[in-house]
Amino acid sequence: MEIRIDKRRKIPLYRQIMNQIIKQMDEGLLLKGDRLPSERALAIESGVNRSTIVRAYDELYAQGFVERKSSSGTYVLGTTKESFSGHHHGPLFFMKDKRLTKDPYVKKLDELIKRDNPRLINVYTGELPFDLVPNISLPSFHWKEFLQEEVSALGYLELRQTIQNLMIKTYEYQPKEDEIMLTAGGQQSLVLLMQSLLKPGDVVAIEDPSFFNGMSLFKSMSIKVIKIPVDANGLCVEELEKVLQTESIQMVLTNPNFQNPTGSSMSLKRRKKLVEICRTFRIPIIEDDVFGQLSYDVPHALPLLKELAPETVIYIGSLSKILGKRMQLGWIDAPSLVLNEVIKLRDEYESELSIFPQVLATHALKDDTFLKQLADLRHQLKEKKDFLEEELNANLEMKLTCSFPDGGYYAWLTYEGRKLVREDWNLLLKHQMAVYPSFLNAENAQSCRINLARLTNSQTKMLVSRFKIICQLWETDSLND
C-alpha cells in the first residue's frame, strides 16, 4: 500500500491518508480482509507523526471502513460499495429536541396572523389549506375493532402495504414491505434516525438554505453542521465533494424533490453523482421526501435517491402534507439493520405509534375516491403555480424573480435589486403580508418562501401588487443611500 503525502496542500495530513486508503478500497487495490500497515510502520513510510496515522485509522474505523483485531492489527472491513448500515459507529442515546428561542420576526408574524385581518395575505405557514385536503368518508368503527388490530414493531401491516402501493403509483418504485417503518411524521423519523446513527462530535452536511438549519437537535447532540449551497438544480454536489477532501462527514441530509424552502429539485446528474460520492465514502444519505406525493407529474420524471442506491439511502416519507398536518404519520424506508436500531431507541422511550391514526389513514388511502382527489389536488396546485407565474411575468420590472417548483406548494421569490437586511422585511408586515423570509434559514435576506396553496387568484393578484409597491420602496431606499 503506497501513501503519498503533500504537506504543501491545505488538506489535513490525516485526511490525505484517509482519502487515499478509501480510494484504493474503491479501486479494488485493497480488498476485504487485507491487513493495513501498522501505525508505526505507515508513519515511518509516509514521513508523518504516528499520531496522524492513529487519527486516520480511528476515523476509518468510526465510519466502518476497517475493523480492529486485538493483538493482530487493522483490517479492511469490506468494499466501499457495501452497505453503511452493517457497522454501527456510535452508542444509542436520547435527548429531547427542545425548541430554540423563537426568532423576533416570527413573533411579529404570529401576532399579525392572530389579528385575523381580512386584508392579510398569509403565505407563511407550511400547511395545506383545509379546503384542499382530500375529503374522505370513513366507515363506522367499534372500539374493540381498534383494540384487536395487530401491530408489529414496524407498524400496522395494512398501512405499510398501502404505502407500498402508493409509492409504486407515484414513483414506479416498490419499497420492501419489511423495510417500511411507520412513525409519527417526518420530524420524528429524522430525530430517531439521527439519534440512532450519530454520536456527539459527528459531522452532518445539510442544504443551504434548508429547514434542517433550524433543528435544535444538532446543538443538543453536539453535532457539527456543514452547509452545502442549493441552486436551481438542487444540492451543489461538487461543493460537497470539495468539503469531503478536508472533513469526515457522517451523514448527508437532503430534500431532493421540491426542496424546502426553495422548491428546487435535484437534477438526475447530481443525484447520480451524490450517491456515487456517498457510496465511496460510505456516508448514509437521508432523503427527506415529504412532498413526494404532490408532484405535478406522476409518475415522477426523476428517480428517488433510494432507488439509485438502496444500500446507501434512507428514505423519509410523510402523509401529513396530503392528509393534513394533524394526521401526524410518516414512514422510514431503510435496511432492516437500521430499522432495528431505530425500534430499540423508540421502544426504550415508549414512543410507540398509536393504532388509531394508522387504521384511519389506511381507510383514507384505500378509499375509492382517494387517488382521484389526490390527482385533483396536484392539478389545483399546478394551476395556482401557473397563475402566480403569469402574474409575476407581467410585472418583470419589479426586480423580483421566482423559482417555481415541479410539485408541492413552495415558491421561492428573490429580490435582485440592492442587498436587503432583516429590517427591510418589516415593510411586508406593514402591508399585511406574511411570508417566510430567507434569513430564518440562511445567511442572506434576499429571498422568501411563499405557500402558493393558500392563494386564490384574487389574492395572487394582490400579493404581486403589494410586492410591486414594496420593491419600489426598497429601490427608493437604495437611491437615497
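Is helix α7 mostly covered or mostly uncovered, and how many of its 12 residues are buried? Keep that in mind as you open the viewer, and remember that you're looking at a predicted model.

**Stop 1: helix α7**

Select residues 186-197, which make up helix α7. The helix is mostly covered, with 10 of its 12 residues buried. To see them, colour Gly186, Ser189, Leu190, Val191, Leu192, Leu193, Met194, Gln195, Ser196 and Leu197. Now try a quick check of the helix's length. At 1.5 Å a residue, α7 should span 16 Å, and its end C-alpha atoms are 16 Å apart, so the two agree.

**Stop 2: an open sheet**

Next, pick out β12, β13, β16 and β15: these 4 strands, in that order, form an open sheet with antiparallel pairing. The edges are β12 (400-403) and β15, each of which pairs on one side only. Then zoom in on β13 (residues 410-415), which pairs with β16 in the antiparallel sense over 5 bridges. Click on Tyr410 and look across to β16, where Asn451 stands opposite.

**Stop 3: Gln446**

Stay around here and select Gln446, in the loop between β15 (436-437) and β16 (447-451). Is Gln446 buried or exposed? Its relative accessible area is 15%, and anything under 20% counts as buried, so Gln446 is buried. Who does Gln446 touch, leaving aside its neighbours within four places in sequence? Show Leu413, Thr414, Tyr415, Arg418, Lys419, Leu420, Trp425 and Ser438: Gln446 is in contact with each of these.

**Stop 4: the second largest pocket**

Select Asn19, Lys23, Gln245, Thr280 and Phe281, the residues nearest the centre of the second largest pocket. The pocket holds about 430 Å³ of space, and 18 residues line it. Two elements give two or more residues to this lining: α1 (13-26) and α10 (268-280). Helix α1 gives the most, with 6 residues.

How values were computed
Residues are numbered from 1 along each chain as its sequence is written. This is a predicted model: local features need pLDDT of at least 70, side-chain atom pairs count only at pLDDT 80 or more; totals for chains, interfaces and linings use all residues. Side-chain values use heavy atoms; hydrogens and water are left out. Buried means under 20% relative accessible area, exposed over 50%, partly exposed in between (1.4 Å probe, protein chains only). Contact means heavy atoms within 4.5 Å. On a 1 Å grid over the protein atoms alone, a cavity is a set of points where a 1.4 Å probe fits but cannot get out, and a pocket is an open set with protein on both sides within 12 Å along at least five of seven lines; lining residues have an atom within 4 Å of a point. Grid points are joined across faces, edges and corners, and a volume is the space filled by probe spheres set on the points. The expected span of a helix is 1.5 Å times one less than its number of residues. Two strands pair if DSSP finds at least two bridges between them.
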